Amino acid sequence: MKLFKKPVRVSNLTRRCLKGFIHLLALGYLVGLFYAGVTDNLGPDPVDTLLNETGIWAIHLLLITLMLSPLAKILPSPEPIKFRRMLGIYSFVYALSHFATYILFELQLDMSLIATELVKRPYIVVGLTALILLFALTITSFQKIRRNMGKRWQHLHNSIYIIVPLVLLHFSWSQKTIWQEPIWYWLFAFILLFNRIKGLVTTALKKHARSKNRKHATQT
Amino acid sequence: MSKPFKPSVKLTDNHVTDESIYLNRRRLLKSLGFVGASALLSNPANAAGWFWEDDKEKAEAFKTQALKFSQPEKYQISETQTPEAKATSYNNFYEFGTAKDEPVKNAQEFDTSEWTLKVDGLVNKPLTLNLDDLTKRFPLEERIYRLRCVEAWSMVIPWIGYELGALLRAADPLSSAKYVAFETLYEPKQMPGQRNRFLGGGIEYPYVEGLRLDEAMHPLTLMSVGLYGKTLPPQNGAPVRLVVPWKYGFKSIKSIVRIRLTDKQPPTTWNRLASNEYGFYANVNPDVSHPRWSQASERRITTGGLLSRNRIPTEMYNGYSEVAPLYSSMDLTRNF
């Protein structure tokens with residue numbers, strides 16, 4: 001299905017303005033949150049609000065990033081892909097702020113508490129694993145590194161399909177009951193990723209079958 | 001010459017942010033945030049909320065009334081109190097939504113005018129109290145208690161009420177009574193969380209709690225009908241709730257319609273949902289961690305922003321060591 005007959009394109013100026021606008025929103029919201037938190041204008045428990053907002057927006061940005069390539073196909077247009085790196089990096093920035101909030105303001109740098117919580121609590125371990133993976137994707141997102149990495153770059157960046165369930169597991173696990181907000185996110189992510197996971201699995205299977213055939217051929 | 005540097009303002013209770021400004025916070029967040037994308041991604045109920053909220057805010061707030069009470073010296077502690085605006089807008093009351101800012105929004109039309117509280121089961125004189133009886137039958141006193149939530153945050157709240165013991169003695173328990181079972185109102189028409197599992201966290205309603213009879217008769221155990229000098233607002237458990245200060249907050253059941261004396265340990269809501277995480281006793285205990293987080297310390301919610309260091313060590317029995325004899329023969333690691 002395609003919405004337009006000809007590929008949709010925008011001028012360089014429009015694209016730049018749009019990017020500037022996204023920078024303004026993403027950074028502005030983050031700065032605004034921390035400012036409101038420091039001045040005690042972030043609700044009854046500023047730490048709780050800040051944890052929730054940075055966490056939920058890291059997830060939103062991650063899912064938006066993953067919506068860009070299907071969007072590029074449907075329009076069709078090369079434009080959405082040009083925003084992918086930027087939004088992906090913002091997802092990491094929000095996730096990092098979420099982690100920093102947890103360490104600095106929730107645990108308040110109590111070292112022994114940090115040590116036990118980071119190791120002993122499964123939902124924290126899951127979240128931290130996702131953060132480390134997101135960090136790996138972020139530092140390899142420069143064009144130069146990307147070119148140097150060649151094929152391995154795509155392999156590494158396929159780990160986004162592991163990051164999504166890890167992040168959602170962390171989200172679900174942090175709640176006291178199952179029937180809460182995360183359910184909708186699981187549903188949305190499943191619909192969003194279903195085709196791509198199916199694609200990855202079938203190519204992997206084909207590859208496996210081909211190598212098996214080759215082995216078989218050399219033996220005979 | 002420049003003026004000498006003055007240290008920044010020291011905050012006291014008098015500097016508490018005005019409630020109306022505080023309530024504006026949500027709007028501020030929204031205007032800062034990317035509303036469009038969030039509405040797309042968040043769940044339908046929430047998404048709808050973005051548009052309907054204004055109407056809801058116009059709805060008349062629940063009316064609370066000033067109460068007359070004594071202030072026994074013994075229960076007037078000097079710890080900094082949580083501002084009223086915070087204690088009445090940061091609530092766990094899943095009947096009105098699972099997020100902590102939902103009960104204050106969803107409970108304002110709660111109608112308590114036809115309330116009855118029944119005390120029955122293994123008693124000689126079963127009782128039924130109506131709304132008026134709840135605040136008039138027993139003399140009221142103010143008690144400032146620490147409230148420790150199982151989620152590792154705490155508040156200091158001036159409750160108004162009377163000892164549960166006084167109420168139970170009026171019903172005259174039989175000698176066979178060993179436990180006390182409590183039940184919250186079940187009325188899906190009034191409580192949206194009971195109508196919709198996505199709003200109410202999918203827990204089994206009505207919410208039920210229980211105490212051993214000696215715990216229930218302990219002088220610290222309070223039937224509360226008010227806080228901060230007024231009757232309870234619905235988000236805090238109007239018109240009558242339990243307050244057991246040495247146990248995690250979820251034991252202090254809200255909006256009670258029935259109290260039944262039994263000879264068997266009654267089921268309790270959170271224990272039924274996850275018995276590995278929430279026990280029947282649920283005594284505050286820094287040495288027994290929740291499977292998902294430590295209980296050794298807590299964050300005290302009073303005033304001050306992100307930079308206030310409000311993490312304090314959690315005390316055994318939340319500092320109410322006078323209850324220790326109740327558990328002298330018990331292994332509290334197993335009976336958590």
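Helices (H or I, at least four residues) and strands (E, at least two) are DSSP runs, numbered from the N terminus. The model is predicted: local features need pLDDT of at least 70, side-chain atom pairs count only at pLDDT 80 or more, and totals for chains, interfaces and linings use all residues. Residues are numbered from 1 along each chain as its sequence is written, chains are lettered from A in the order in which they are written, and side-chain values use heavy atoms, with hydrogens and water left out.

**Exercise 1. Locate the cis peptide bonds at A:Pro76 and B:Pro206.**

Step 1. In chain A, the bond between A:Leu75 and A:Pro76 is cis, with omega about -15°. A:Pro76 lies in the loop between α2 and α3 (84–106) of chain A.

Step 2. In chain B, B:Tyr205 and B:Pro206 are joined by a cis peptide bond with omega about 0°. The loop between α10 (197–200) and β6 (208–212) of chain B holds B:Pro206.

**Exercise 2. Describe helix α1 of chain A and its span.**

Step 1. α1(A) covers residues 12–38, 27 residues in total.

Step 2. The expected span is 1.5 Å times one less than the number of residues. From first C-alpha to last, α1(A) reaches 39 Å, close to the expected 39 Å.

Step 3. Buried residues (under 20% relative accessible area; exposed is over 50%, partly exposed in between; 1.4 Å probe, protein chains only) in α1(A) include A:Ile22, A:Ala26, A:Tyr29, A:Leu30 and A:Leu33.

**Exercise 3. Determine how α1(A) packs against α2(A).**

Step 1. The axes (lines fitted to C-alpha atoms, for helices over the stretch in contact, with angles from 0 to 180 degrees between N-to-C directions) of α1(A) and α2(A), residues 46–74, come within 10 Å and cross at roughly 170°.

Step 2. The two helices are therefore roughly antiparallel, a term for angles over 145 degrees; under 35 is roughly parallel, 65 to 115 roughly perpendicular and the rest oblique.

Step 3. In contact (heavy atoms within 4.5 Å) are A:Tyr29, A:Leu30, A:Leu33, A:Phe34 and A:Gly37 of α1(A) with A:Pro46, A:Leu50, A:Glu53, A:Thr54 and A:Trp57 of α2(A).

Step 4. These residues divide into 7 nonpolar, 2 polar and 1 charged. Ala, Val, Leu, Ile, Met, Phe, Trp, Tyr, Cys and Pro count as nonpolar, Asp, Glu, Lys and Arg as charged, and the others, Gly among them, as polar.

**Exercise 4. Characterise A:Asp40 and B:Asp172.**

Step 1. A:Asp40 is not a glycine, yet has a positive phi of about 60°. A:Asp40 sits in the loop between α1 and α2 of chain A and is buried at 12% relative accessibility.

Step 2. B:Asp172, also not a glycine, has a positive phi of about 55°. B:Asp172 is in the loop between α8 (164–171) and β5 (179–184) of chain B and is partly exposed, at 30%.
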